[in-house]
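Q: I have a new model open and would like to learn how to read it. Could you walk me through it, one feature at a time?

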Amino acid sequence: ARAATLTTLLDDEQRLASFSTILDEPRVLLTPERIQVLRLIGVGVPAEEFTAGVLQHRSATVDTLNAVGIQEPSAIQLFTAAAPLPVWIRNDLPWPVNVALATQPSDARLDVQPTTQVEALADSNTRATVPVEARVASGDLRVDFRLYSPTGVPIGQVQSADVTVRADWEGIGLGILGGVIVLLLGLGIFRTVRRRRREAAAPTEPTDQAE
């Protein structure tokens, strides 16, 4: 029974080895893992203590594998044809990690940067931005986000965001702004012409009164 459990522990250790490629120094994670496994399988460990230790160790392994991921994104509104999508990377580890953020839209109406390199700070949430460009004026679609290690190992779970594109509002806003500018220029020209006419007519008034 302990031999079978050891095989399971070694499988978990292999998963941690793949996961640790997001670290600059994977040994800071793998060395303590190997020490803990050796203590668990030490000679003379009582059966109850062994079982409890294995359960605790495997639970800690799951927590470590889930320590890095993408926070669930909220719905996104795009009011311009080109704008960045904000994505928050959660890192609960005490070390910074290097991950690649893969972005995949549900259809070709949104042109996105497929991969964004992110260095997520230790014990914090790091904001990443993904450049996008809408190919249509408006529409609703979904964008999937996934993290990978530098060696291509999937990290965390896939997260999806509903994106609403309203790029036509950009044209409407520019049209309104252009109209306001033209109106202000026209009003300025009208006031200038009116003032000059008054100035031109002012010198003739004393002559007319003298006559």
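A: Gladly! Let's begin with a term: a salt bridge is a side-chain nitrogen of Lys or Arg within 4 Å of a carboxyl oxygen of Asp or Glu. Keep in mind that this is a predicted model, where local features need pLDDT of at least 70, side-chain atom pairs count only at pLDDT 80 or more, and totals for chains, interfaces and linings use all residues. Residues are numbered from 1 along each chain as its sequence is written, and side-chain values use heavy atoms, with hydrogens and water left out.

Q: How many salt bridges does the structure hold?
A: The general idea is that side chains of opposite charge can pair when their charged atoms come close. In this structure there are six salt bridges.

Q: Which residue forms a salt bridge with Arg 15?
A: Asp 12 does, with the closest N and O atoms 3.5 Å apart. Both residues lie in helix α1, three residues apart, about one turn of the helix. Helices here are DSSP runs of H or I with at least four residues, strands are runs of E with at least two, and they are numbered from the N terminus.

Q: Which parts of the chain does the pair of Glu 13 and Arg 34 link?
A: The closest N and O atoms of this salt bridge are 2.7 Å apart. The pair links distant parts of the chain, with Glu 13 in helix α1 and Arg 34 in helix α2, 21 residues apart. Glu 13 is buried at 11% relative accessibility, while Arg 34 is partly exposed at 40%.

Q: How do I read a helix such as α3?
A: Start with its span, for which the expected value is 1.5 Å times one less than the number of residues. Helix α3 covers residues 47–65, which is 19 residues, and reaches 27 Å from its first C-alpha to its last, close to the 27 Å expected.

Q: Which residues of α3 are buried?
A: They are Phe 50, Gly 53, Val 54, His 57, Thr 61, Thr 64 and Leu 65. Seen down the axis of α3, these buried residues fall within an arc of 105°, so they line one face of the helix; the arc is that of the directions from the helix axis to the C-beta atoms. On the other side of α3, Glu 48, Leu 55, Gln 56 and Asp 63 are exposed. The buried residues are covered by elements including α1 (2–19), α2 (27–40) and β1 (68–70), where contact means heavy atoms within 4.5 Å.

Q: In what order do the four strands of the open sheet come?
A: Two strands pair if DSSP finds at least two bridges between them. Here the order is β1-β3-β7-β5, with antiparallel pairing. β1 and β5 (110–112) stand at the edges with a single partner strand each, so one side of each is left without a neighbour in the sheet. Three bridges join β1 to β3 (residues 82–91), and Ile 70 stands opposite Ile 89 in β3.

Q: What do β8 and β9 form?
A: They form a hairpin with five residues between them, and Gly 152 in the turn has a positive phi of about 90°. The two strands run antiparallel, joined by 10 bridges.

How values were computed. Buried < 20%, exposed > 50% of the residue type's maximum accessible area, 1.4 Å probe, protein only.
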